[in-house]
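Here is a friendly briefing to read alongside the model. Have the sequence and the 3D view open as you go.

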2 protein chains.
Amino acid sequence: MPGPAITARDLARHLGVSQSMVSRAFSPGASVAPEMRARILQSAAEMGYRPNIIAAALSRRRSSIVGIVMGELSNPFYPAVLEQLTGALGAAGFQPLLFTVPPGQEADAALPMLRQYHVDAVVVTAASLSAAGAADWLGDGRSAVLFNRTAAGEAEPQAIAGTPLPDSVACDNVAGGHAAAEALLARGRRRLAFVAGRPDTSTSRERERGFREALQARGLPPPLRADAGDFSYEAGHRVALDLREADGIFFANDILALGGLDALRHEMGRRVPEDVSVLGFDDIPMAAWPAYRLSTLRQPVPAMVARTVDLLRARLAGETDGPRAERLPAELVERASL
Amino acid sequence: MPGPAITARDLARHLGVSQSMVSRAFSPGASVAPEMRARILQSAAEMGYRPNIIAAALSRRRSSIVGIVMGELSNPFYPAVLEQLTGALGAAGFQPLLFTVPPGQEADAALPMLRQYHVDAVVVTAASLSAAGAADWLGDGRSAVLFNRTAAGEAEPQAIAGTPLPDSVACDNVAGGHAAAEALLARGRRRLAFVAGRPDTSTSRERERGFREALQARGLPPPLRADAGDFSYEAGHRVALDLREADGIFFANDILALGGLDALRHEMGRRVPEDVSVLGFDDIPMAAWPAYRLSTLRQPVPAMVARTVDLLRARLAGETDGPRAERLPAELVERASL
DNA sequence: ATCGTGATTGCATCCGCATGCAAAGCCCCT
DNA sequence: AGGGGCTTTGCATGCGGATGCAATCACGAT
């Protein structure tokens, strides 16, 4: 028997005031005499009253809950994101309702649920949102921000001006790819290779594009290319085996790079960085471990999280500008694999 | 302007029936003629109607939301737990509302929030719940299950019979510690050491107890002991440096063991397993990586998650037996560090 | 044709809080 | 003393569904 939680009415009766006053005492900016509010808040504290958020959500048509849909949590980059995100969201007065979608699946599957829960907004990370899903969701005024992802069709001409795009916060992957090429080249590497992750992710594609463009800009031949198909240690390990020719490998992210590093060292007998330089992307905790000392491009997660929350706030406050695509710079972290 | 979601009333009017019927059509077991229900469900699908869970929660006094409070997500064991837990919870019709508490802090801090959201139940993992917090929460009929943790005072005499204890699901850490000792001994190791993690966690303590008891039972001297103070790679790395004497080290969990392994190999020049055997606990993905090949005691996470959800279901169905403490066996996974 | 019974509906209310609107209360000025 | 304008309060109602209870209905039995 869930303890008969005390309600605003109970408190009101106890104080001999109306329920409205109790409600107002808890709504910042409502019209209440200072002493009245103080009196109410005090008794509330004494009697252990706390507004029922469910009821408030129903009445106010705003839940203060934001959905987070995550694809795989197996890439260590995401737990860190999740941790920071829940923290920041909480500080901003939101609670995250967590949805996970099977890796490789689109976030769309979670949309119906999200609607049912009437979340105020949704942040999608480690998964993508189809253009149709986005249109559907944004279509009736809800907001969404893609984290570490780019909206499907973001680069396309405004031909599809009719379909709204979600906001997105990510780091500048193209510039990152560019920096990766420069770093490898600066080390004298010339037989470069790129290892792609999941082919349908903007992260992998943009990083590759930046990498290729940098080489092209220098008049150098395009890099070798391996398709891991997936952002996993195993996939990185597997495809590295095919990269005997390369003397400089840029992996689409750290987890792939770690797998590759182990393959190079333990299976292929190649020394890193003597024989081959390796670069990752993200800067997950393991990259710094002595067993790896992976050089990588660090994503500014704290800043990305802060932007995400700011964006959410602005949207919920009614801002309706065109979709924003925030891009933060990645930073090269040089360790021992370069 | 959040699209004027269609309500049960809208649908009802559209079909010329009462709102109650719509509601009933969506409540399994309610009294509705089969054809009526079919008709309603169909139009619902066509018009895109889905019951507003917030409203339902208010009315039914049950939210179908369960809170998950997590301490640190930095130990890779927990993201995996979280992923499986959200999946299983979802399959059982619950949605997880995620709370994170700063590492080292008790889950109590999240309790007020959890009450406000009127979650049906809470599962606490990677954090502990103080006896007072538990009493407070359970006191008024709510339920809680500790995951990979033991209730504070669970072993104590029923002197505190008045204070209810939360349910708990964990693996049999004592038996695991026992198995660890046996495995090390079987390898001929005699100068054993135990590396403790956070001192206030049941996991670290129980594993240590099992380890010591096993040695004692054989009439062997107690193990050396190092206090990492924390379940982290860095802590494991640091304390391993003090374990020159040991030829067999049992770390309270994998993440500590990985740090220790790197210290032993890269800083101390010791060969594993030639000079020293290392054992961890959990079996996180990294334990299997070629760079480590850590032998460990695997926690049966899928089974633990299943039990957790079953327990939750039973509790919400009204079961009020004494607190349950489910213990599942850990399994020794022998890789190359033994 | 009449009555009893179980299956279906509709009605009215309630869940706990938010909020527009009108009633009251106050302070200050003429 | 009378009136204007602003601040506090209380009232009534709404949010979207769930549900106890009474009203209907359909049918088979007598």
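Pro273(A) sits in the loop between α11 and β9 (277–282) of chain A, where helices (H or I, at least four residues) and strands (E, at least two) are DSSP runs numbered from the N terminus. The peptide bond that joins Val272(A) to Pro273(A) is cis, with omega about 10°. This is a predicted model, in which local features need pLDDT of at least 70 and side-chain atom pairs count only at pLDDT 80 or more, while totals for chains, interfaces and linings use all residues. Residues are numbered from 1 along each chain as its sequence is written, chains are lettered from A and ligands numbered from 1 in the order in which they are written, and side-chain values use heavy atoms, with hydrogens and water left out.

**Backbone details**

- In chain B, the bond from Val272(B) to Pro273(B) is cis too, with omega near 10°.
- Pro273(B) lies in the loop between α11 (254–267) and β9 (277–282) of chain B.
- Ala126(A), although not a glycine, has a positive phi of about 60°.
- You will find Ala126(A) in the loop between β3 (121–125) and α7 (131–139) of chain A.
- As background, most residues other than glycine have a negative phi, and most peptide bonds are trans.

**How the two copies are related**

**The interface of chain A and chain B**

- On each side there is a set of contacting residues: 48 of chain A and 48 of chain B.
- About 4,400 Å² is buried between the chains, and carbon and sulfur atoms give 66% of that area; buried area is the accessible area (1.4 Å probe) that two parts lose on being put together, summed over both.
- Between chain A and chain B, 14 residue pairs are in polar contact, both at pLDDT 80 or more. A polar contact is a pair of N or O atoms within 3.5 Å; within protein, one must be able to donate a hydrogen and the other to accept it, and residues adjacent in sequence count only if both atoms are side-chain atoms.
- The elements of chain A that each supply at least two residues to the side touching chain B include α5 (77–91), β2 (95–100) and α6 (111–116).
- β2(A) gives the most to that side, with 6 residues.
- By class, the side of chain A that touches chain B has 27 nonpolar, 14 polar and 7 charged residues. Here Ala, Val, Leu, Ile, Met, Phe, Trp, Tyr, Cys and Pro count as nonpolar, Asp, Glu, Lys and Arg as charged, and the others, Gly among them, as polar.

**Salt bridges**

- Over all chains the count comes to 40 salt bridges, each a side-chain nitrogen of Lys or Arg within 4 Å of a carboxyl oxygen of Asp or Glu.
- Across the interface of chain A and chain B, the rule finds 0.
- Asp247(B) and Arg191(B) form a salt bridge through their side chains (3.8 Å, N to O).

**DNA strand C**

- Of the 27 residues around DNA strand C, those that come nearest are Ala8(A), Ser23(A), Tyr49(A), Ser59(A) and Ser20(B); a residue is near a strand if one of its heavy atoms lies within 4 Å of it.
- Sugar or phosphate holds 58% of the DNA strand C atoms within 4 Å of the protein, and bases hold the rest.
- A polar backbone atom of Ala55(A) is 3.5 Å from a base nitrogen of DNA strand C.

**DNA strand D**

- Ser20(A), Arg24(A), Ala8(B), Ser23(B) and Ser59(B) come nearest among the 28 residues around DNA strand D.
- Of the DNA strand D atoms that come within 4 Å of the protein, 55% belong to sugar and phosphate.
- A polar backbone atom of Ala8(B) is 2.4 Å from a phosphate oxygen of DNA strand D.
- A base oxygen of DNA strand D lies 3.2 Å from a polar side-chain atom of Ser20(B).

Note on methods:
Contact means heavy atoms within 4.5 Å.
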